Amino acid sequence: MQYRKFKTLDKETSLLGMGVMRLPTDEQGRVNNQEGVDMIRHAIDSGINYIDTAFTYHGGMSERIVGMAMKDGYKEKALVADKMPIWLCKEASDLDRYFEKQLKRLDMDCIDMYLIHNIIPANWKKVNKFNVLEWLDQKKAAGQIKHVGFSFHGDLALFKEVIDAYPWEFCQIQLNYIDRDEQATLEGLEYARSKNIDVIVMEPLKGGKLTYKIPPSVQAIWDRAAESGTVPADRTPAEWAFKWVCAQQGVTLVLSGMSSLEQIDQNIALFSKDNIGEVSETEQAIIDEVTAEYKDKIRYGCTGCEYCMPCPQKLNIPSIIEYINDWHAYDNNPNTKQEYLTWLTAHASDCVACGQCEEKCPQGLKITDIMKDAAEQFGK
């Protein structure tokens, strides 16, 4: 495992961190507690020492599972990151209410790495309205929080404003080779680095989109690269994506929402390579070609984070967007339409354009328009 130094910590952290957002679930969407604990402990035993959770992940079960996993001496082996769900706060007193609930779920007196979750314009207004920055100072002084940061889904201008508003110790941004010019952007990464703030990257695989159901035209580019002999023939799309992120100056840690022991082992093997943070000019040209092809094929930049949920009409919005993206990326493959009609219980045509999902979407997607597209393409 490769390790990098956090500027504000007295220890190195694994370059790969485990995001506990996508634990395996059963058909009812429930997480097996022991399976989750086993996965987290396996990750820690294998060299990962940064575990990331949040109040809303798996309906709160993520925090509980992390708390259970940190028993039996594991708390001394890894840092735990958790986040304040600022969008749920209706008044200043909610800060303490949610924080105490998090401590209870984790069964901890102190949280190592604490973030204000999902900074977008509306949530940043709440941060200021409820004096959250002063509240963070109080929690640090009380010994309940060790290090303070924020996770971000706004634009570059807001990112710089937030960075300059408080002596943050770290921040968490969405970054992958497709989204390099979206949200905080590469310019934002450099801005944080110039301010001596550690940057954690989330969505390096774009919610798995860069490794699952790869469009044939994209796979053809990867295949040509392998056949050319200029890169290892067995390099996977995941390795390409991780290498690009790790090669960006200012990146301290990369989160991956792993959902199986196999994924954990595969990612640890990648992040144990000496050259995981190196990208040559030839490799960058290949990545740029893939980026251009994806941007041409994939219409809607959904990461499957599910912040848009629940939908009042009971639509599985991320699944619908995934189907319509697949429809366009795979040249209107009829199997995609059949799966959409077969496996979804509510369809895009059920959307009433209430707009609640758009208010919560970190990507700023025009979800009601996407639902119209899906309804027109799939006929339902």
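## Notes on the cysteines, fold and a few residues

1. The sulfur of Cys 302 is too far from any other cysteine sulfur for a bond, because the closest, in Cys 308, is 6.5 Å away. For a disulfide, two cysteine sulfur atoms must lie within 2.5 Å. Cys 302 is also buried, at 11% relative accessibility (buried is under 20% relative accessible area, exposed is over 50%, and partly exposed is in between, with a 1.4 Å probe and protein chains only).

2. A word on what you are looking at: this is a predicted model, in which local features need pLDDT of at least 70 and side-chain atom pairs count only at pLDDT 80 or more, while totals for chains, interfaces and linings use all residues. Residues are numbered from 1 along each chain as its sequence is written, and side-chain values use heavy atoms, with hydrogens and water left out.

3. How many disulfides does the rule give? The count is zero.

4. Now the overall build. The protein has 15 helices and ten strands (DSSP runs numbered from the N terminus, with helices being H or I of at least four residues and strands E of at least two). The C-alpha trace spans about 60 × 50 × 45 Å along its principal axes. A compact globule of 380 residues would have a radius of gyration near 21 Å, and the 20 Å of the protein agrees with this (taken over C-alpha atoms, the globule rule being 2.2 Å times the number of residues to the power 0.38).

5. If you take the contacts between residues at least 6 apart in sequence, 76% join residues at least 24 apart (contact means heavy atoms within 4.5 Å).

6. The accessible surface comes to about 16,500 Å², and carbon and sulfur atoms account for 47% of that (Shrake-Rupley method, 1.4 Å probe). As for charge, there are 43 positive and 57 negative side chains, with the centres of the two sets 4 Å apart (Lys and Arg count as positive, Asp and Glu as negative, and His and the chain ends are not counted; each charge is placed at NZ of Lys, CZ of Arg, CG of Asp or CD of Glu).

7. Leu 156 is worth a look in helix H6, residues 156-165. Leu 156 counts as buried at 19% relative accessibility. Beyond residues up to four places away in sequence, Leu 156 touches Gln 183, Ala 184, Thr 185, Glu 187 and Gly 188. Its C-alpha atom is 30 Å from that of Pro 215, which is 59 residues away along the chain.

8. Is Asp 179 buried or exposed? Asp 179 is buried, with a relative accessible area of 6%, and sits in the loop between strand S8 (170-174) and helix H7 (185-194). Leaving aside neighbours within four places in sequence, Asp 179 is in contact with Gln 174 and Lys 206.

9. Finally, some backbone details to check. The peptide bond from Met 309 to Pro 310 is cis, with omega near 0°, and Pro 310 lies in the loop between helix H11 (281-297) and helix H12 (317-329). Asp 72 has a positive phi, near 60°, although the residue is not glycine. Asp 72 is in the loop between helix H2 (61-69) and strand S5 (79-84), and is exposed, at 65% relative accessible area. Asn 118 likewise has a positive phi near 60°, but lies in strand S6, residues 111-119, and is buried at 3% relative accessibility.
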